[in-house]
Structure formats: C-alpha cells, structure tokens
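Dear colleague,

Please find below the sequence and the structure that I am handing over to you.

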Amino acid sequence: KYLDCLLDYLQDYTLRVKPLLDINQEMENVMNDFEKQWEAGTFPGWQKEAGSALAHAGAHLDLSAFSSWEELASLGLDRLKSALMALGLKCGGTLEERAQRLFNSKGKQISELDPSLFAKSKPGRNKDTEKQKEIATLEAQLYRFAETLSEQRQATKENVQRKQARTVGEREESDNEISESESEDEDNDVIYNPKNLPLGWDGKPIPYWLYKLHGLNISYTCEICGNFIYRGPKAFQRHFAEWRHAHGMRCLGIPNTAHFANVTQIEDALTLWNKLKEEKSKERFQASTEEEYEDTQGNVVNKKTFEDLKRQGLL
C-alpha cells in the first residue's frame with residue numbers, strides 16, 4: 001500500500017513538473033527492462049541466489065562419521081531436520097524415518113537419490129513468487145521516477161539544508177513575514193489584507209518583502225497636490241513632474257521648475273518664489289542707476305544724476 005501511494009504521488013508530481021514527458025512510454029520501457037532482469041534474476045534486491053538460499057535453509061551434516069542410521073538418530077529430531085532441509089529432502093516423519101532417510105543419502109550424489117525422497121514444492125510458493133514479482137514491479141517504476149526527478153530531489157535537499165542552517169530567529173522572522181504577506185484563505189471573495197498592502201497584477205496583495213523593498217511603508221503628503229498621499233520615495237519623486245503637482249503650482253501662480261523640487265507645502269513654495277523674484281529683480285538692469293551719461297566737460301555720471309543737473313541748469 002505504501003508503494004502504491006508513493007507511486008501515485010510521484011506520477012502526479014511528474015505530470016506537473018514535466019507535462020511534456022510521455023509517462024506511458026516510460027513505464028512501457030521500464031516493464032520491458034524489468035521482465036528481462038527478472039527472468040535473468042539480476043533485478044536489484046531480488047536476485048535468484050537469495051531465493052535459493054532461503055529454499056534450502058539448514059545446516060549440512062558430514063555423514064562419513066556415522067556407520068548406521070541408529071547413530072544418526074542419537075542427534076535428535078531438530079538436527080536431522082536441519083540436515084534434511086539442507087539437502088532438499090523430506091524432513092517429516094518419526095526420528096527413525098528421518099535417520100534412515102538421511103543415512104540413505106550417504107555417499108550418493110543428489111541426482112542419484114530416489115525422487116520420492118525430495119520435498120514437494122509448497123502450493124503457496126507460486127503465490128509468493130507472484131507477490132514478490134508484483135512488489136518488484138512497483139520498485140522498478142519507483143526507480144525510474146526517482147531517476148527522472150533527480151534534479152528536483154537534489155534542489156529540495158539543498159533547500160532543506162539551507163533552511164536547517166538558519167538560526168531560530170531567522171526562521172521565525174521568515175515565517176512571520178510569509179504569514180503576514182500571504183492570504184490565509186485564497187478561496188474567499190474578500191481578500192485578507194490587514195496591512196493594507198498594494199494589490200499586484202493578479203488582484204492580490206504583493207509580498208511583504210517587496211512592499212518593504214520599495215519603501216511603500218513610507219507615506220509622503222503633498223499639500224500642493226491637495227494633500228494627496230504618495231507611497232514610497234520613487235512615486236514621491238516622480239510626482240513632481242506629473243500633472244497633479246503641475247496643476248497645483250499653476251494655481252498658485254508659480255512656475256513648476258527645478259527650484260521647487262521636494263517642496264510640498266504651499267507656504268514654503270510662496271516664500272521661495274518671493275525670494276527668487278527679489279533675487280531676479282536685483283539682477284535686472286536698472287537704467288536710472290546703471291545707464292551712464294557724459295556732460296560737456298567730459299564727466300561721466302548716471303542717468304538720474306544727469307537728469308537732476310539738467311533740470312537745475314548746471315549743464
């Protein structure tokens with residue numbers, strides 16, 4: 001039953017991992033190879049030598065030291081039975097019958113003995129052989145699946161070893177993050193999202209580690225955009241060039257230039273704009289003070305001084 005369950009599991013797993021593999025053809029090749037190995041007695045774990053040794057279990061007895069069957073009878077029933085089993089002879093009967101049967105085989109080859117002395121094969125032996133062959137067939141199929149999935153088995157082993165190398169704290173932290181990011185019940189219509197994580201392309205919350213990697217747990221509020229909240233530094237930096245922020249700056253009468261990068265408060269934006277206007281006004285050309293004139297005597301004065309002297313009639 002265990003082999004059947006294991007075979008069903010490996011077959012189902014192989015169909016999911018390697019859907020293009022022709023399992024029926026593989027199993028047919030396995031059965032052909034198995035039949036050849038079984039007939040030759042070379043299938044791993046089911047060699048014929050092991051079966052013959054079990055069939056003739058017993059301890060051989062040197063009969064050259066005995067001159068009559070009465071001396072053999074002195075060994076007892078159990079010892080005579082063991083010697084008869086070692087030769088493949090019948091081991092039943094009384095003490096005298098066993099001793100006589102064993103003594104009759106003294107000095108003879110197995111082929112010279114009377115066929116009636118040999119033990120008959122048990123009726124259930126064929127059934128045992130069929131059962132053994134059935135078990136060996138399952139083992140042959142399991143060997144082929146194990147060979148096909150060797151890469152996946154090695155990857156699983158490395159993953160288990162890597163997890164075992166972690167400390168208790170690291171394992172608990174990893175388990176907590178996984179449990180927080182994954183939904184407990186995927187079949188429910190209402191998605192379980194206690195941390196209010198953003199939804200991915202599949203309509204489910206993104207993993208918690210990805211949420212923290214992009215800094216989405218940090219919120220930025222922009223007053224110029226109407227107190228709109230941006231999640232993560234990437235979205236916050238990108239919004240300064242988007243339409244919402246540009247519209248807010250236009251409503252304030254301020255150009256959306258690089259001077260106002262990272263400015264989110266209206267008061268700060270107006271203060272900075274006034275300061276920039278003052279600096280620009282100072283840099284602007286003023287004709288009254290910077291334009292130069294020359295009088296009749298060759299003196300160079302600015303426009304304002306020249307106009308004052310002219311009105312006073314001093315030129």
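The notes below go from the whole chain to particular regions.

Please bear in mind that this is a predicted model. The protein contains 15 helices and 4 strands. Of its 315 residues, 22% count as buried. The accessible surface amounts to about 22800 Å², and carbon and sulfur atoms account for 51% of it. Among contacts between residues at least 6 apart in sequence, 40% join residues at least 24 apart.

Helix α6 spans residues 95–103, and its buried residues are Arg 98, Ala 99, Arg 101 and Leu 102. These residues lie on the same side of α6 because they cover an arc of only 165° around the axis. In general, an α-helix has 3.6 residues a turn, so residues three or four places apart point the same way. The partners against which the buried residues of α6 pack are α4 (69–73) and α5 (77–87).

Lys 106 is found in the loop between α6 and α7 (125–148). Its relative accessibility is 31%, so Lys 106 counts as partly exposed. Beyond its neighbours within four places in sequence, Lys 106 is in contact with Leu 63, Ser 64, Phe 66 and Ser 67. Between Lys 106 and Asp 62 the C-alpha to C-alpha distance is 8.9 Å, while 44 residues separate them in sequence.

Lastly, an unreviewed UniProt entry places the feature "domain: Matrin-type" at residues 220–251. In the model, this span is 47% helix and 22% strand, with its end C-alpha atoms 21 Å apart.

Yours sincerely

Note on methods. Residues are numbered from 1 along each chain as its sequence is written. This is a predicted model: local features need pLDDT of at least 70, side-chain atom pairs count only at pLDDT 80 or more; totals for chains, interfaces and linings use all residues. Side-chain values use heavy atoms; hydrogens and water are left out. Buried means under 20% relative accessible area, exposed over 50%, partly exposed in between (1.4 Å probe, protein chains only). Helices (H or I, at least four residues) and strands (E, at least two) are DSSP runs, numbered from the N terminus. The arc is that of the directions from the helix axis to the C-beta atoms. Contact means heavy atoms within 4.5 Å. UniProt positions are given in the numbering used here, feature names are shortened, and annotations may be inferred rather than shown by experiment. Accessible areas come from the Shrake-Rupley method with a 1.4 Å probe; for residues, only the protein chains shown count as cover.
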